[in-house]
Amino acid sequence: MDIKIKVKNLRVFFHKQEALKGITINVARNMITGFMGPAGSGKSTLISTINRMIDFEDNIKIEGNIYIDDVDILDGSINPVSLRRQVGTVFAVPIPLQRSIFENIAYGPRLKGINDKAELHRIVADSLKKAFLWDEVKDRLDISANKLSGGQQQRLCLARTLALKPEIILLDEPCSGLDPISTAKIEEALNELKREYTIILVSNNTKQIARITDYSAFFYLGELIEYGTTEKIFTNPTQKKTEDYISGKFG
Amino acid sequence: MNEKASLKERVVKTVLTIFALSSLLFLFLIFIFILIEGSPLFLKVGLKNIIFGFKWAPTKGSFGIFPMIISSFLVTFGALIIGAPLGLSCAIYLSEYSGKRLKMILKPALELLAGIPSVVYGFLGVIYIVPLVRNYLGGSGFSLISTSIILGIMILPTIISISFDSIMSVPKTYREGSYAMGATKWQTIYKIVVPSARSGILASFILGMGRAIGETMAVIMIAGNALKIPMSLTDPLRTLTGNIALELAYATGDHRLGLFSTGIVLLVIIMALNYIANFGIKRRSQ
(Lines give C-alpha, C1' and ligand atoms only; values in the text may rest on other atoms or scores of the structure.)
Protein backbone atom coordinates (compact mmCIF):
# COMPACT_ATOMS: atom_id res chain seq x y z
CA MET A 1 0.00 0.00 0.00
CA ASP A 2 1.29 3.41 -1.03
CA ILE A 3 0.75 5.49 2.11
CA LYS A 4 -0.33 9.14 1.98
CA ILE A 5 -1.45 9.74 5.56
CA LYS A 6 0.04 7.97 8.55
CA VAL A 7 -1.77 8.42 11.86
CA LYS A 8 0.28 7.21 14.81
CA ASN A 9 -1.14 6.60 18.26
CA LEU A 10 -3.40 9.64 18.13
CA ARG A 11 -5.20 10.64 21.29
CA VAL A 12 -7.60 13.59 21.44
CA PHE A 13 -9.18 14.91 24.62
CA PHE A 14 -12.21 17.22 24.72
CA HIS A 15 -12.60 18.79 28.15
CA LYS A 16 -10.45 15.97 29.56
CA GLN A 17 -12.74 13.36 28.01
CA GLU A 18 -10.95 11.05 25.62
CA ALA A 19 -12.58 11.24 22.18
CA LEU A 20 -9.87 9.32 20.33
CA LYS A 21 -8.13 6.56 22.26
CA GLY A 22 -4.86 5.97 20.49
CA ILE A 23 -5.69 5.62 16.81
CA THR A 24 -3.10 4.18 14.42
CA ILE A 25 -4.09 3.97 10.78
CA ASN A 26 -2.48 4.34 7.35
CA VAL A 27 -4.47 5.90 4.51
CA ALA A 28 -3.60 4.87 0.97
CA ARG A 29 -2.73 7.34 -1.78
CA ASN A 30 -5.23 7.80 -4.63
CA MET A 31 -7.82 5.61 -2.99
CA ILE A 32 -11.12 6.26 -1.26
CA THR A 33 -10.97 5.30 2.38
CA GLY A 34 -14.22 5.10 4.30
CA PHE A 35 -14.53 5.93 7.99
CA MET A 36 -17.71 4.55 9.50
CA GLY A 37 -19.13 4.20 12.97
CA PRO A 38 -22.03 5.33 15.10
CA ALA A 39 -22.27 8.83 16.59
CA GLY A 40 -19.51 9.45 19.13
CA SER A 41 -17.19 6.95 17.50
CA GLY A 42 -14.55 9.62 16.87
CA LYS A 43 -14.52 9.45 13.07
CA SER A 44 -15.36 13.14 12.67
CA THR A 45 -12.88 14.11 15.36
CA LEU A 46 -10.19 12.24 13.44
CA ILE A 47 -10.77 14.14 10.22
CA SER A 48 -11.05 17.50 11.97
CA THR A 49 -7.62 16.70 13.43
CA ILE A 50 -6.24 15.89 9.98
CA ASN A 51 -7.33 19.31 8.64
CA ARG A 52 -6.61 21.03 11.97
CA MET A 53 -10.13 22.49 12.10
CA ILE A 54 -10.03 21.11 15.63
CA ASP A 55 -7.84 24.13 16.49
CA PHE A 56 -11.02 26.21 16.74
CA GLU A 57 -12.46 24.10 19.57
CA ASP A 58 -11.92 25.06 23.19
CA ASN A 59 -10.21 22.85 25.74
CA ILE A 60 -8.63 20.24 23.54
CA LYS A 61 -5.48 18.24 24.03
CA ILE A 62 -3.85 16.23 21.26
CA GLU A 63 -1.18 13.54 21.60
CA GLY A 64 0.44 11.43 18.90
CA ASN A 65 1.36 12.19 15.29
CA ILE A 66 -0.23 12.56 11.90
CA TYR A 67 2.19 12.38 8.97
CA ILE A 68 1.22 13.53 5.51
CA ASP A 69 4.01 12.49 3.13
CA ASP A 70 6.24 12.08 6.20
CA VAL A 71 5.63 15.62 7.50
CA ASP A 72 4.09 15.74 10.98
CA ILE A 73 1.16 18.13 10.60
CA LEU A 74 0.57 18.31 14.34
CA ASP A 75 4.00 19.86 14.75
CA GLY A 76 3.92 23.44 16.05
CA SER A 77 5.86 24.72 13.05
CA ILE A 78 3.10 23.72 10.61
CA ASN A 79 0.89 26.59 9.47
CA PRO A 80 -2.71 25.32 9.66
CA VAL A 81 -3.82 27.76 6.96
CA SER A 82 -1.48 26.30 4.35
CA LEU A 83 -2.28 22.80 5.59
CA ARG A 84 -5.97 23.43 4.85
CA ARG A 85 -5.09 24.39 1.28
CA GLN A 86 -3.44 21.00 0.96
CA VAL A 87 -6.25 19.14 2.75
CA GLY A 88 -9.65 20.20 1.42
CA THR A 89 -12.83 19.56 3.39
CA VAL A 90 -16.46 19.12 2.40
CA PHE A 91 -18.92 19.32 5.29
CA ALA A 92 -22.17 17.51 5.95
CA VAL A 93 -24.36 20.53 5.35
CA PRO A 94 -23.40 22.47 2.23
CA ILE A 95 -22.94 26.09 3.25
CA PRO A 96 -22.11 28.16 0.18
CA LEU A 97 -20.87 31.69 0.75
CA GLN A 98 -23.54 34.34 0.22
CA ARG A 99 -22.18 35.06 -3.25
CA SER A 100 -22.39 33.95 -6.84
CA ILE A 101 -21.44 30.46 -7.99
CA PHE A 102 -18.31 31.87 -9.63
CA GLU A 103 -17.22 33.78 -6.52
CA ASN A 104 -17.78 30.76 -4.30
CA ILE A 105 -15.22 28.79 -6.26
CA ALA A 106 -12.89 31.71 -6.90
CA TYR A 107 -12.77 32.45 -3.15
CA GLY A 108 -10.00 29.96 -2.34
CA PRO A 109 -7.77 30.78 -5.34
CA ARG A 110 -8.20 34.51 -4.65
CA LEU A 111 -7.03 33.96 -1.07
CA LYS A 112 -3.91 32.38 -2.50
CA GLY A 113 -3.37 35.58 -4.48
CA ILE A 114 -4.64 34.46 -7.90
CA ASN A 115 -6.40 37.50 -9.39
CA ASP A 116 -5.97 36.99 -13.10
CA LYS A 117 -9.47 36.81 -14.66
CA ALA A 118 -8.66 34.21 -17.30
CA GLU A 119 -6.84 32.04 -14.80
CA LEU A 120 -9.76 32.22 -12.37
CA HIS A 121 -12.22 31.33 -15.13
CA ARG A 122 -10.12 28.35 -16.05
CA ILE A 123 -9.99 27.15 -12.42
CA VAL A 124 -13.73 27.66 -11.91
CA ALA A 125 -14.67 25.77 -15.09
CA ASP A 126 -12.19 23.02 -14.35
CA SER A 127 -13.39 22.55 -10.76
CA LEU A 128 -17.05 22.54 -11.73
CA LYS A 129 -16.41 19.93 -14.40
CA LYS A 130 -14.58 17.68 -11.95
CA ALA A 131 -17.48 18.00 -9.49
CA PHE A 132 -19.98 17.04 -12.23
CA LEU A 133 -21.78 20.36 -11.89
CA TRP A 134 -20.54 22.28 -14.94
CA ASP A 135 -23.32 21.28 -17.35
CA GLU A 136 -26.02 22.37 -14.92
CA VAL A 137 -24.63 25.81 -14.13
CA LYS A 138 -22.31 26.87 -16.96
CA ASP A 139 -24.79 29.46 -18.28
CA ARG A 140 -25.53 31.07 -14.93
CA LEU A 141 -22.29 31.31 -13.01
CA ASP A 142 -23.23 34.76 -11.75
CA ILE A 143 -26.43 33.74 -9.92
CA SER A 144 -26.39 33.41 -6.15
CA ALA A 145 -25.21 30.02 -4.94
CA ASN A 146 -28.22 29.91 -2.61
CA LYS A 147 -30.48 29.45 -5.61
CA LEU A 148 -29.03 25.98 -6.29
CA SER A 149 -30.65 22.82 -4.95
CA GLY A 150 -29.15 21.02 -1.94
CA GLY A 151 -27.43 18.43 -4.12
CA GLN A 152 -26.03 21.10 -6.42
CA GLN A 153 -24.83 23.12 -3.44
CA GLN A 154 -22.96 20.11 -2.12
CA ARG A 155 -21.26 19.60 -5.48
CA LEU A 156 -20.48 23.33 -5.47
CA CYS A 157 -18.79 22.85 -2.10
CA LEU A 158 -16.85 19.93 -3.59
CA ALA A 159 -15.89 22.12 -6.57
CA ARG A 160 -14.64 24.96 -4.38
CA THR A 161 -12.55 22.47 -2.45
CA LEU A 162 -11.07 21.20 -5.73
CA ALA A 163 -10.26 24.78 -6.73
CA LEU A 164 -7.72 24.85 -3.90
CA LYS A 165 -5.82 22.11 -5.73
CA PRO A 166 -5.54 20.00 -2.60
CA GLU A 167 -3.82 16.62 -2.37
CA ILE A 168 -6.31 15.19 0.07
CA ILE A 169 -10.10 15.60 0.21
CA LEU A 170 -11.98 14.94 3.42
CA LEU A 171 -15.73 14.48 3.15
CA ASP A 172 -17.67 14.55 6.41
CA GLU A 173 -20.96 12.78 5.69
CA PRO A 174 -21.36 14.73 2.44
CA CYS A 175 -24.55 12.97 1.39
CA SER A 176 -26.40 12.87 4.70
CA GLY A 177 -28.96 15.45 3.59
CA LEU A 178 -29.18 14.51 -0.07
CA ASP A 179 -31.61 12.53 -2.17
CA PRO A 180 -30.44 9.31 -3.93
CA ILE A 181 -29.93 10.99 -7.30
CA SER A 182 -27.76 13.75 -5.87
CA THR A 183 -25.90 11.15 -3.83
CA ALA A 184 -25.23 9.13 -6.97
CA LYS A 185 -23.76 12.21 -8.69
CA ILE A 186 -21.41 12.88 -5.78
CA GLU A 187 -20.32 9.26 -5.76
CA GLU A 188 -19.72 9.35 -9.51
CA ALA A 189 -17.56 12.43 -9.05
CA LEU A 190 -15.57 10.83 -6.23
CA ASN A 191 -14.87 7.76 -8.33
CA GLU A 192 -13.28 9.96 -10.98
CA LEU A 193 -11.48 12.16 -8.48
CA LYS A 194 -9.59 9.35 -6.78
CA ARG A 195 -7.22 9.17 -9.73
CA GLU A 196 -5.77 12.48 -8.65
CA TYR A 197 -6.61 12.78 -4.97
CA THR A 198 -6.48 10.84 -1.76
CA ILE A 199 -10.02 10.78 -0.45
CA ILE A 200 -11.41 10.08 3.01
CA LEU A 201 -15.16 9.63 3.20
CA VAL A 202 -16.86 9.71 6.59
CA SER A 203 -20.32 8.22 6.46
CA ASN A 204 -23.02 6.68 8.57
CA ASN A 205 -24.31 4.98 5.51
CA THR A 206 -22.65 1.56 5.37
CA LYS A 207 -24.08 0.87 1.93
CA GLN A 208 -22.38 3.95 0.58
CA ILE A 209 -19.09 2.91 2.16
CA ALA A 210 -19.44 -0.52 0.62
CA ARG A 211 -20.29 0.94 -2.80
CA ILE A 212 -17.49 3.37 -3.38
CA THR A 213 -14.57 2.93 -0.98
CA ASP A 214 -11.44 0.87 -1.47
CA TYR A 215 -10.52 0.61 2.20
CA SER A 216 -12.81 0.96 5.19
CA ALA A 217 -12.30 1.56 8.86
CA PHE A 218 -14.82 0.95 11.60
CA PHE A 219 -14.64 3.18 14.67
CA TYR A 220 -16.44 2.64 17.93
CA LEU A 221 -16.28 4.87 21.04
CA GLY A 222 -13.00 6.47 20.04
CA GLU A 223 -11.27 3.26 19.03
CA LEU A 224 -10.42 1.79 15.65
CA ILE A 225 -12.10 -1.60 15.77
CA GLU A 226 -11.21 -2.90 12.34
CA TYR A 227 -9.50 -1.69 9.21
CA GLY A 228 -8.88 -3.34 5.85
CA THR A 229 -9.96 -3.52 2.24
CA THR A 230 -13.64 -2.78 1.87
CA GLU A 231 -14.16 -6.16 0.28
CA LYS A 232 -12.68 -7.92 3.27
CA ILE A 233 -14.52 -5.79 5.87
CA PHE A 234 -17.88 -6.31 4.23
CA THR A 235 -17.59 -9.97 3.34
CA ASN A 236 -15.46 -11.37 6.11
CA PRO A 237 -15.01 -9.08 9.13
CA THR A 238 -12.91 -10.49 11.95
CA GLN A 239 -14.57 -8.51 14.74
CA LYS A 240 -18.06 -9.25 16.05
CA LYS A 241 -18.75 -5.48 16.50
CA THR A 242 -17.92 -4.74 12.88
CA GLU A 243 -20.19 -7.49 11.69
CA ASP A 244 -23.04 -6.25 13.88
CA TYR A 245 -22.59 -2.71 12.63
CA ILE A 246 -22.48 -3.44 8.92
CA SER A 247 -25.38 -5.84 9.20
CA GLY A 248 -27.41 -3.09 10.81
CA LYS A 249 -27.73 -4.60 14.29
CA PHE A 250 -26.79 -1.28 15.93
CA GLY A 251 -25.68 2.26 15.07
CA MET B 1 -63.93 26.51 37.20
CA ASN B 2 -63.21 26.56 33.53
CA GLU B 3 -65.14 29.75 32.97
CA LYS B 4 -63.32 31.41 35.81
CA ALA B 5 -59.95 30.45 34.32
CA SER B 6 -60.87 31.75 30.91
CA LEU B 7 -62.12 35.02 32.43
CA LYS B 8 -58.78 35.41 34.17
CA GLU B 9 -56.98 34.75 30.91
CA ARG B 10 -59.04 37.41 29.19
CA VAL B 11 -58.44 39.97 31.93
CA VAL B 12 -54.71 39.39 31.80
CA LYS B 13 -54.70 39.70 28.03
CA THR B 14 -56.73 42.92 28.10
CA VAL B 15 -54.55 44.53 30.75
CA LEU B 16 -51.37 43.60 28.91
CA THR B 17 -52.80 44.91 25.64
CA ILE B 18 -53.58 48.24 27.27
CA PHE B 19 -50.06 48.48 28.70
CA ALA B 20 -48.53 47.57 25.38
CA LEU B 21 -50.59 50.10 23.50
CA SER B 22 -49.84 52.81 26.03
CA SER B 23 -46.28 53.16 24.69
CA LEU B 24 -47.79 53.84 21.29
CA LEU B 25 -50.12 56.32 22.93
CA PHE B 26 -47.23 58.16 24.59
CA LEU B 27 -45.40 58.45 21.30
CA PHE B 28 -48.55 59.73 19.66
CA LEU B 29 -49.19 62.25 22.45
CA ILE B 30 -45.63 63.56 22.34
CA PHE B 31 -45.89 64.06 18.62
CA ILE B 32 -49.31 65.75 18.82
CA PHE B 33 -48.21 67.95 21.70
CA ILE B 34 -45.11 69.21 19.97
CA LEU B 35 -46.97 69.63 16.71
CA ILE B 36 -49.71 71.71 18.36
CA GLU B 37 -47.21 73.86 20.19
CA GLY B 38 -44.80 74.32 17.31
CA SER B 39 -46.89 74.46 14.18
CA PRO B 40 -48.51 77.90 14.68
CA LEU B 41 -45.11 79.48 14.24
CA PHE B 42 -44.49 77.47 11.08
CA LEU B 43 -47.71 78.94 9.71
CA LYS B 44 -46.90 82.46 10.86
CA VAL B 45 -43.24 82.76 9.89
CA GLY B 46 -43.13 80.15 7.14
CA LEU B 47 -41.40 76.77 6.97
CA LYS B 48 -38.71 78.10 4.68
CA ASN B 49 -37.79 81.00 6.93
CA ILE B 50 -37.39 78.68 9.89
CA ILE B 51 -35.57 75.74 8.34
CA PHE B 52 -33.40 77.73 5.95
CA GLY B 53 -33.18 80.97 7.95
CA PHE B 54 -29.69 81.88 9.09
CA LYS B 55 -30.59 84.26 11.89
CA TRP B 56 -31.89 83.12 15.27
CA ALA B 57 -33.14 86.22 17.16
CA PRO B 58 -36.45 84.99 18.53
CA THR B 59 -37.22 88.18 20.45
CA LYS B 60 -36.85 90.16 17.22
CA GLY B 61 -38.92 87.90 15.02
CA SER B 62 -36.12 85.85 13.34
CA PHE B 63 -36.42 82.13 13.85
CA GLY B 64 -33.83 80.71 11.47
CA ILE B 65 -32.44 77.40 12.72
CA PHE B 66 -30.42 76.45 9.66
CA PRO B 67 -27.04 76.84 11.44
CA MET B 68 -28.27 74.55 14.22
CA ILE B 69 -29.49 71.90 11.79
CA ILE B 70 -26.10 71.95 10.08
CA SER B 71 -24.32 71.90 13.46
CA SER B 72 -26.37 68.98 14.67
CA PHE B 73 -25.48 67.01 11.56
CA LEU B 74 -21.82 68.01 11.77
CA VAL B 75 -21.37 66.79 15.35
CA THR B 76 -23.34 63.66 14.54
CA PHE B 77 -21.12 62.78 11.60
CA GLY B 78 -18.08 63.77 13.62
CA ALA B 79 -19.19 61.38 16.34
CA LEU B 80 -19.70 58.67 13.76
CA ILE B 81 -16.25 59.20 12.24
CA ILE B 82 -14.76 58.65 15.68
CA GLY B 83 -17.22 56.13 17.09
CA ALA B 84 -17.84 53.86 14.09
CA PRO B 85 -14.33 52.54 13.43
CA LEU B 86 -13.58 52.34 17.14
CA GLY B 87 -16.85 50.61 17.94
CA LEU B 88 -16.69 48.19 15.04
CA SER B 89 -13.09 47.21 15.84
CA CYS B 90 -14.09 46.67 19.44
CA ALA B 91 -17.06 44.50 18.40
CA ILE B 92 -14.83 42.44 16.10
CA TYR B 93 -12.23 42.02 18.82
CA LEU B 94 -14.86 40.98 21.36
CA SER B 95 -16.59 38.49 19.10
CA GLU B 96 -13.62 37.00 17.24
CA TYR B 97 -10.45 37.41 19.26
CA SER B 98 -11.08 37.90 22.97
CA GLY B 99 -11.13 34.89 25.24
CA LYS B 100 -14.17 33.95 27.26
CA ARG B 101 -12.84 35.47 30.48
CA LEU B 102 -11.92 38.81 28.90
CA LYS B 103 -15.32 38.92 27.21
CA MET B 104 -16.94 38.47 30.59
CA ILE B 105 -15.07 41.51 31.92
CA LEU B 106 -15.37 43.72 28.83
CA LYS B 107 -19.07 43.34 28.08
CA PRO B 108 -20.37 44.55 31.46
CA ALA B 109 -17.80 47.35 31.37
CA LEU B 110 -19.22 48.49 28.04
CA GLU B 111 -22.74 48.32 29.38
CA LEU B 112 -21.61 50.47 32.28
CA LEU B 113 -20.28 52.97 29.76
CA ALA B 114 -23.83 53.33 28.47
CA GLY B 115 -25.12 53.95 31.98
CA ILE B 116 -22.87 56.88 32.83
CA PRO B 117 -24.97 60.09 32.96
CA SER B 118 -24.30 62.41 30.07
CA VAL B 119 -23.46 65.29 32.40
CA VAL B 120 -20.42 63.28 33.50
CA TYR B 121 -19.28 62.98 29.89
CA GLY B 122 -19.73 66.73 29.54
CA PHE B 123 -17.71 67.24 32.68
CA LEU B 124 -14.87 65.09 31.37
CA GLY B 125 -15.05 66.99 28.10
CA VAL B 126 -14.70 70.35 29.82
CA ILE B 127 -11.84 69.20 32.01
CA TYR B 128 -9.78 67.14 29.55
CA ILE B 129 -10.85 67.48 25.91
CA VAL B 130 -11.51 71.23 25.80
CA PRO B 131 -8.08 72.25 27.22
CA LEU B 132 -6.40 69.68 24.98
CA VAL B 133 -8.05 71.14 21.87
CA ARG B 134 -7.34 74.72 23.04
CA ASN B 135 -3.65 73.98 23.61
CA TYR B 136 -2.95 71.94 20.49
CA LEU B 137 -5.43 73.15 17.87
CA GLY B 138 -6.23 76.65 19.03
CA GLY B 139 -9.50 78.48 19.57
CA SER B 140 -11.44 78.40 22.81
CA GLY B 141 -11.55 74.63 22.89
CA PHE B 142 -15.35 74.65 23.04
CA SER B 143 -15.70 73.35 19.53
CA LEU B 144 -16.96 71.00 16.87
CA ILE B 145 -14.06 68.63 17.40
CA SER B 146 -14.38 68.47 21.21
CA THR B 147 -18.10 67.75 20.89
CA SER B 148 -17.52 65.10 18.22
CA ILE B 149 -14.94 63.33 20.37
CA ILE B 150 -17.20 63.19 23.42
CA LEU B 151 -20.22 62.13 21.36
CA GLY B 152 -18.07 59.55 19.58
CA ILE B 153 -17.28 57.99 22.95
CA MET B 154 -20.90 58.23 24.08
CA ILE B 155 -22.24 56.29 21.10
CA LEU B 156 -19.67 53.49 21.50
CA PRO B 157 -21.88 51.23 23.65
CA THR B 158 -24.72 51.41 21.11
CA ILE B 159 -22.43 50.61 18.18
CA ILE B 160 -20.48 47.91 19.97
CA SER B 161 -23.39 46.00 21.44
CA ILE B 162 -25.51 45.93 18.28
CA SER B 163 -22.55 45.19 15.97
CA PHE B 164 -21.37 42.51 18.40
CA ASP B 165 -24.78 40.82 18.39
CA SER B 166 -25.01 40.84 14.62
CA ILE B 167 -21.45 39.51 14.22
CA MET B 168 -22.14 36.77 16.75
CA SER B 169 -25.27 35.79 14.85
CA VAL B 170 -23.24 34.94 11.73
CA PRO B 171 -23.45 31.13 11.66
CA LYS B 172 -20.33 29.24 12.72
CA THR B 173 -20.61 27.20 9.54
CA TYR B 174 -19.85 30.30 7.41
CA ARG B 175 -16.59 30.71 9.24
CA GLU B 176 -15.77 27.00 9.01
CA GLY B 177 -16.42 27.03 5.28
CA SER B 178 -13.98 29.87 4.88
CA TYR B 179 -11.29 28.34 7.10
CA ALA B 180 -11.63 25.05 5.27
CA MET B 181 -10.79 26.87 2.05
CA GLY B 182 -7.52 28.02 3.50
CA ALA B 183 -8.51 31.48 4.67
CA THR B 184 -6.71 33.07 7.58
CA LYS B 185 -8.67 34.42 10.50
CA TRP B 186 -8.46 38.00 9.27
CA GLN B 187 -9.44 37.06 5.70
CA THR B 188 -12.44 35.23 7.11
CA ILE B 189 -13.44 38.25 9.19
CA TYR B 190 -13.27 40.85 6.46
CA LYS B 191 -14.44 38.71 3.57
CA ILE B 192 -17.14 36.63 5.24
CA VAL B 193 -18.08 37.66 8.77
CA VAL B 194 -18.35 41.44 8.44
CA PRO B 195 -20.16 41.35 5.06
CA SER B 196 -22.65 38.83 6.47
CA ALA B 197 -23.29 41.08 9.48
CA ARG B 198 -23.37 44.19 7.29
CA SER B 199 -26.95 45.31 7.80
CA GLY B 200 -26.78 44.90 11.58
CA ILE B 201 -23.55 46.88 11.69
CA LEU B 202 -25.13 49.60 9.57
CA ALA B 203 -28.14 49.67 11.89
CA SER B 204 -25.80 50.12 14.85
CA PHE B 205 -24.22 53.14 13.15
CA ILE B 206 -27.60 54.69 12.48
CA LEU B 207 -28.85 54.11 16.02
CA GLY B 208 -25.58 55.61 17.24
CA MET B 209 -26.30 58.64 15.07
CA GLY B 210 -29.75 58.88 16.63
CA ARG B 211 -28.18 58.92 20.05
CA ALA B 212 -25.62 61.54 19.03
CA ILE B 213 -28.12 63.90 17.42
CA GLY B 214 -30.41 63.70 20.44
CA GLU B 215 -27.72 64.20 23.08
CA THR B 216 -28.13 67.48 24.94
CA MET B 217 -26.40 67.92 28.26
CA ALA B 218 -22.87 66.91 27.30
CA VAL B 219 -23.21 68.96 24.12
CA ILE B 220 -24.20 72.26 25.69
CA MET B 221 -21.33 71.89 28.14
CA ILE B 222 -18.64 71.64 25.47
CA ALA B 223 -20.02 72.95 22.16
CA GLY B 224 -19.64 76.64 22.94
CA ASN B 225 -23.22 77.23 21.75
CA ALA B 226 -22.42 80.03 19.28
CA LEU B 227 -25.18 80.86 16.80
CA LYS B 228 -23.36 80.26 13.53
CA ILE B 229 -22.31 77.53 11.18
CA PRO B 230 -18.86 76.31 12.28
CA MET B 231 -16.30 76.86 9.54
CA SER B 232 -13.50 74.84 11.10
CA LEU B 233 -13.05 71.99 13.53
CA THR B 234 -12.20 74.39 16.33
CA ASP B 235 -15.23 76.66 15.88
CA PRO B 236 -18.00 76.60 18.49
CA LEU B 237 -21.52 75.61 17.48
CA ARG B 238 -25.04 75.17 18.79
CA THR B 239 -27.16 72.09 18.13
CA LEU B 240 -30.95 71.80 17.89
CA THR B 241 -31.16 70.06 21.26
CA GLY B 242 -28.81 72.56 22.87
CA ASN B 243 -30.93 75.43 21.61
CA ILE B 244 -34.05 74.09 23.32
CA ALA B 245 -32.32 73.24 26.58
CA LEU B 246 -30.53 76.60 26.82
CA GLU B 247 -33.51 78.87 26.18
CA LEU B 248 -36.68 77.14 27.23
CA ALA B 249 -36.40 78.21 30.87
CA TYR B 250 -36.89 81.89 30.10
CA ALA B 251 -38.60 81.88 26.70
CA THR B 252 -42.11 83.31 26.34
CA GLY B 253 -44.53 83.94 23.50
CA ASP B 254 -43.20 83.44 19.97
CA HIS B 255 -39.75 82.64 21.34
CA ARG B 256 -41.23 79.66 23.16
CA LEU B 257 -43.05 78.59 20.01
CA GLY B 258 -39.77 78.86 18.11
CA LEU B 259 -38.21 76.34 20.46
CA PHE B 260 -41.09 73.96 19.84
CA SER B 261 -40.57 74.21 16.11
CA THR B 262 -36.91 73.34 16.74
CA GLY B 263 -38.29 70.29 18.54
CA ILE B 264 -40.43 69.30 15.55
CA VAL B 265 -37.42 69.39 13.23
CA LEU B 266 -35.42 67.30 15.71
CA LEU B 267 -38.20 64.76 16.09
CA VAL B 268 -38.58 64.35 12.34
CA ILE B 269 -34.82 63.78 11.92
CA ILE B 270 -34.70 61.20 14.71
CA MET B 271 -37.76 59.36 13.45
CA ALA B 272 -36.25 59.19 9.98
CA LEU B 273 -33.03 57.74 11.40
CA ASN B 274 -34.92 55.13 13.42
CA TYR B 275 -36.95 54.18 10.41
CA ILE B 276 -33.80 53.64 8.37
CA ALA B 277 -32.25 51.57 11.17
CA ASN B 278 -35.33 49.37 11.49
CA PHE B 279 -35.34 48.88 7.77
CA GLY B 280 -31.72 47.70 7.97
CA ILE B 281 -32.43 45.28 10.82
CA LYS B 282 -35.43 43.85 9.01
CA ARG B 283 -33.37 43.23 5.91
CA ARG B 284 -30.85 41.32 7.99
CA SER B 285 -33.45 39.01 9.46
CA GLN B 286 -34.80 38.05 6.05
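A residue counts as buried if 20 or more other C-beta atoms lie within 10 Å of its own, as exposed if 12 or fewer do, and as partly exposed in between, with C-beta atoms placed from the backbone. This is a predicted model, so local features need pLDDT of at least 70 and side-chain atom pairs count only at pLDDT 80 or more, while totals for chains, interfaces and linings use all residues. Residues are numbered from 1 along each chain as its sequence is written, and chains are lettered from A in the order in which they are written.

Let's begin with chain B, where 41% of the 286 residues are buried. It has 13 helices and two strands (DSSP runs numbered from the N terminus: helices are H or I with at least four residues, strands E with at least two). Look at helix α8(B), residues 172-180: its buried residues are Arg175(B), Gly177(B), Ser178(B), Tyr179(B) and Ala180(B). Their cover includes α9 of chain B, along with α2 and β6 of chain A. Just past α8(B), Gly182(B) has a positive phi of about 80°.

Now follow β6 over to chain A. There, six strands make an open sheet with mixed pairing, in the order β6-β7-β8-β3-β9-β10 (strands pair if DSSP finds at least two bridges between them). β6(A) and β10(A) are at the edges with a single partner strand each, so one side of each has no neighbour in the sheet.

At the β10(A) end, β9(A) and β10(A) pair in the antiparallel sense over six bridges. One bridge partner to find is Glu226(A) in β10(A), which goes with Phe218(A).

Technical notes: Contact = placed C-beta atoms within 7 Å.
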